[in-house]
Amino acid sequence: MDPVEARAVLQAHPLRIGVSTRSLFELDAEDRIFNEEGVDAYVKYQREHEEDILGEGAAFQTIKRILALNEDPSSPYVEVVLMSKNSPDLSLRAFTSAKAYGLPIRHGSFTSGRSLAPYLPAWGIDLFLSNDEKDVRSAAASGAASALLRKRPPDLGDALDDGELRVAFDGDAVIFGPESDAIYASSGLEHFLTHESDNAHVPMQPGPLAGFFRKLSMLRAIHMKPSRVSKVRIAVVTARNAPAHARAIHTLRSWGADADEAHFVGRNSKAPILKAMGAHIFFDDQAAHVDKASSVVPSGLVPGPHAPDDPVIPA
């Protein structure tokens with residue numbers, strides 16, 4: 001996309017990310033108090049520690065880096081909304097921590113136990129990041145783009161302070177629709193490959209994170225340098241391989257949403273690729289892939305449109 005057009009679109013309709021406080025910050029100790037000692041002890045602890053700065057959670061580096069892409073604070077390309085089922089008491093500590101880290105986050109919803117899903121369309125959220133399975137499932141059931149974040153990888157550092165944001169996506173059932181996956185599941189690999197080869201130039205339907213992917217591509221265009229290197233680096237890391245790879249590339253072309261990297265790994269593990277890339281976050285629809293990736297990079301499970309009473313998303 002042309003950078004001028006991308007600026008106009010995002011200034012009128014910023015990329016808006018809803019992030020749970022437990023995804024942005026480290027709140028394990030607080031959760032233990034809540035679960036083991038109850039609500040009163042939890043509220044007491046929060047009030048006693050209102051000025052204590054919270055540690056970094058799984059989504060922290062992604063949020064920090066994407067907010068840094070804003071050029072004009074009065075007309076941002078990206079806005080972040082804190083979303084929490086905690087009581088409003090936590091808002092004091094959460095916003096204090098955001099300010100201490102230099103994160104320009106000023107909006108939020110704190111619902112004292114009520115589901116956050118109804119508030120996502122009210123805020124106009126393009127992507128919801130949370131480690132609360134019930135909220136993510138409810139969000140997906142309502143059609144909202146969302147991902148269930150695993151715990152922050154151990155010993156995750158930020159030694160490479162290069163100003164880049166590196167985001168990696170699986171393809172089918174994430175940025176692309178699940179139709180091809182369904183063919184593979186019902187008819188097997190040979191039929192899948194034949195179908196994808198025959199339809200190589202037919203764009204796939206958008207998947208649950210397609211809207212987020214497109215707006216991220218706009219940010220990439222805005223920050224593209226004459227050397228064709230952007231501060232936003234996008235990768236597709238997919239189990240597709242040749243000849244099924246062609247349809248993925250032609251689909252992205254039809255959207256006008258380029259990727260910087262594409263890795264067609266087949267049956268190989270995605271984790272080493274993600275580690276080599278230095279990705280700040282990875283999205284996949286299969287729990288096994290997310291579990292392996294989460295040992296090296298913050299990772300989110302993208303659920304399908306499950307009804308609230310469907311079986312739980314695998315942990």
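Buried means under 20% relative accessible area, exposed means over 50%, and partly exposed is anything in between, using a 1.4 Å probe and protein chains only. Take Gly304, which is partly exposed because its relative accessible area is 28%. Gly304 sits in the segment after strand 12 (299-301); helices (H or I, at least four residues) and strands (E, at least two) are DSSP runs, numbered from the N terminus. Along the sequence, Gly304 and Pro208 are 96 residues apart, yet in space they are 7.7 Å apart, C-alpha to C-alpha.

A word on what you're looking at: this is a predicted model, where local features need pLDDT of at least 70 and side-chain atom pairs count only at pLDDT 80 or more, while totals for chains, interfaces and linings use all residues. Residues are numbered from 1 along each chain as its sequence is written, and side-chain values use heavy atoms, with hydrogens and water left out.

Now for the inside. A nonpolar core is a set of buried Ala, Val, Leu, Ile, Met, Phe, Trp, Tyr and Cys residues joined through side-chain atoms within 4.5 Å. The largest one here has 60 residues, and those with the most contacts inside it are Leu129, Phe169, Leu216, Leu219 and Phe283. Helix 11 supplies the largest share of this core, eight residues. Pick out Leu216 and look around: leaving aside neighbours within four places in sequence, Leu216 is in contact (heavy atoms within 4.5 Å) with Ile66, Leu165, Val167, Phe169, Val232 and Ile234. There's also a second, separate core of 13 residues, with Leu116, Ile125, Leu148 and Ala287 among them.

Next, go to helix 3 (residues 28-37). Which of its residues are buried? They include Glu30, Asp31 and Ile33. These residues lie on the same side of helix 3, because they cover an arc of only 160° around the axis; that arc is taken from the directions from the helix axis to the C-beta atoms. Among the elements covering the buried residues are helix 2 (21-24), strand 2 (25-26), helix 4 and helix 6. Turn to the other side of helix 3 and you'll find Asn35 and Glu36 exposed. For Asn35, the relative accessible area is 62%. Asn35 and Glu51 are 16 residues apart in sequence and 23 Å apart in space, C-alpha to C-alpha. After helix 3 comes Gly38, with a positive phi near 100°.

Two packed helices are described by the angle between their axes and the distance between the axes. Axes here are lines fitted to C-alpha atoms, for helices over the stretch in contact, and angles run from 0 to 180 degrees between N-to-C directions. Helix 4 (residues 39-48) and helix 6 (residues 89-100) have axes that come within 9 Å and cross at roughly 35°. On the helix 4 side, Tyr42, Val43, Tyr45, Gln46 and Arg47 take part, meeting Asp89, Leu90 and Arg93 in helix 6. By class, that contact has four nonpolar, one polar and three charged residues; Ala, Val, Leu, Ile, Met, Phe, Trp, Tyr, Cys and Pro count as nonpolar, Asp, Glu, Lys and Arg as charged, and the others, Gly among them, as polar.

Then there's helix 9 (residues 179-187) with helix 10 (residues 189-198), packed at an angle of about 145° with their axes 7 Å apart. Ser180, Ile183, Tyr184 and Ser187 from helix 9 meet Leu189, His191, Phe192, His195 and Glu196 from helix 10. This time the contact has four nonpolar, four polar and one charged residues.

Arg247, in helix 12, counts as buried because its relative accessibility is 8%. Not counting residues up to four places away in sequence, Arg247 touches Ser180, His195, Glu196, Asn199, Ala200, Val202, Pro203, Met204 and Arg240.

Most residues other than glycine have a negative phi, and most peptide bonds are trans. Ser112, in the loop between strand 5 (107-110) and helix 7 (119-123), has a positive phi of about 50°. Arg228, in the loop between helix 11 (210-222) and strand 9, also has a positive phi, near 65°. Ser112 is partly exposed at 49%, while Arg228 counts as exposed at 57%. As for the peptide bonds, the one from Ala242 to Pro243 is cis, with omega near 5°. You'll find Pro243 in the loop between strand 9 (232-238) and helix 12 (245-255).
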